[in-house]
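Welcome! Here is a short tour for anyone meeting this structure for the first time. Please keep the sequence and the 3D view open as you read.

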Amino acid sequence: MATFEVSLVTPDGSAFDGEAEMLIVPGADGEIGVLARHAPLVALLKAGSTRVHVRRNQEVREFATGPGFFKVEQDRALALVDHAVDVDEIDAALAQEQLEAAQAELARIEAGESDADRWQVEQRIRDAENQLAVATGGDAARIRPRTSAGSEHV
C-alpha cells in the first residue's frame, strides 16, 4: 500500500512525523480519512481521536488531539492542533482529577467566588474529557474499534 508523509504538530512541537498508509482525523463535521494521493483539502478539526495507520490493520498510533486545522497536499498531510497526547501516555486517573478540579473551579466562577479566566477553565474541562474519551474508547471514539481499524475503515 502507498504511503504519504504525516505531521501532527502542536505549539510544543511535533507529536508525530513520519510515513503512514492512512490517517483519520476528527473533522469539525465528522471524521476525515486520508490515503496517499488524496485530493487537496483544508479543514477545521475538533477535539477527538486522531489515528495514524502506519501499517493499516497492524500498527496504529492514536492521539487525543485538541481542535485545530488540517491540510492535505499531494503526498503530505499536516494537522496543526492545540495539543496531542499519545493514547498510551494518557493517565486516566490524572485526567479524571484534572476534570474534577476544573469543574470545581468553573462552579466557583459561576458562584462569583473566583476570578479565574472562564474560557481557560472550560478548555481544561474539554481537554480532560477528550483524554478520558480517547483513553477509554468512550464517546469521542464511539464509531470505531478501540485497538485497531476494522473493515469499516478499509
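A nonpolar core is a set of buried Ala, Val, Leu, Ile, Met, Phe, Trp, Tyr and Cys residues joined through side-chain atoms within 4.5 Å, where buried means under 20% relative accessible area, exposed over 50% and partly exposed in between (1.4 Å probe, protein chains only). With that in hand, the largest such core has 20 residues, and those with the most contacts inside it are Phe4, Val6, Phe16, Leu23, Val52 and Phe70. The model is predicted: local features need pLDDT of at least 70 and side-chain atom pairs count only at pLDDT 80 or more, while totals for chains, interfaces and linings use all residues. Residues are numbered from 1 along each chain as its sequence is written, and side-chain values use heavy atoms, with hydrogens and water left out.

**The overall picture**
- The chain has two helices and ten strands; here helices (H or I, at least four residues) and strands (E, at least two) are DSSP runs, numbered from the N terminus.
- Along the sequence the order is β-β-β-β-β-β-β-β-β-β-α-α.
- The chain has 154 residues, and 41% of them count as buried.
- Taking contact to mean heavy atoms within 4.5 Å, 51% of the contacts between residues at least 6 apart in sequence join residues at least 24 apart.

- In soluble globular proteins, nonpolar side chains tend to be buried together.
- The 20-residue core draws at least two residues from each of β1, β2 (13-20), β3 (22-27), β4 (30-35), β5 (41-45), β6, β8 (68-73) and β9 (76-81).
- Apart from this core lies another, of nine residues, among them Ala102, Ile109, Val121 and Ala128.
- Not counting residues up to four places away in sequence, Val52 touches Val6, Phe16, Ala20, Met22, Leu23, Glu59, Val60, Arg61 and Phe63.

**Strands and their partners**
- Strands β6 and β7 run antiparallel and are joined by seven bridges; two strands pair if DSSP finds at least two bridges between them.
- Ser49 has Ala64 of β7 as its bridge partner.
- Three residues separate the strands in the hairpin of β6 and β7, where Asn57 takes a positive phi near 65 degrees.
- β7 also pairs with β10, in the antiparallel sense over three bridges, and Phe63 has Asp86 of β10 as its bridge partner.

**Two buried strand residues**
- Arg51 lies in strand β6 and counts as buried at 4% relative accessibility.
- The side chains of Arg51 and Glu31 are joined by a polar contact of 2.8 Å, meaning a pair of N or O atoms within 3.5 Å; within protein, one must be able to donate a hydrogen and the other to accept it, and residues adjacent in sequence count only if both atoms are side-chain atoms.
- Thr10 lies in strand β1 (residues 4-10) and is buried, with a relative accessible area of 12%.

**Helix α2**
- Helix α2 (residues 118-136) has 19 residues.
- Its buried residues include Val121, Ile125, Ala128 and Leu132, and what covers the buried residues of α2 includes β6 (48-55), β7 (59-65), β10 (84-86) and α1 (92-110).
- Asp117 caps the N-terminal end of α2, with a side-chain oxygen 2.8 Å from the backbone nitrogen of Trp119.
- Gly137, with a positive phi near 70 degrees, follows α2.

Definitions and conventions. Expected span 1.5 Å × (residues − 1).
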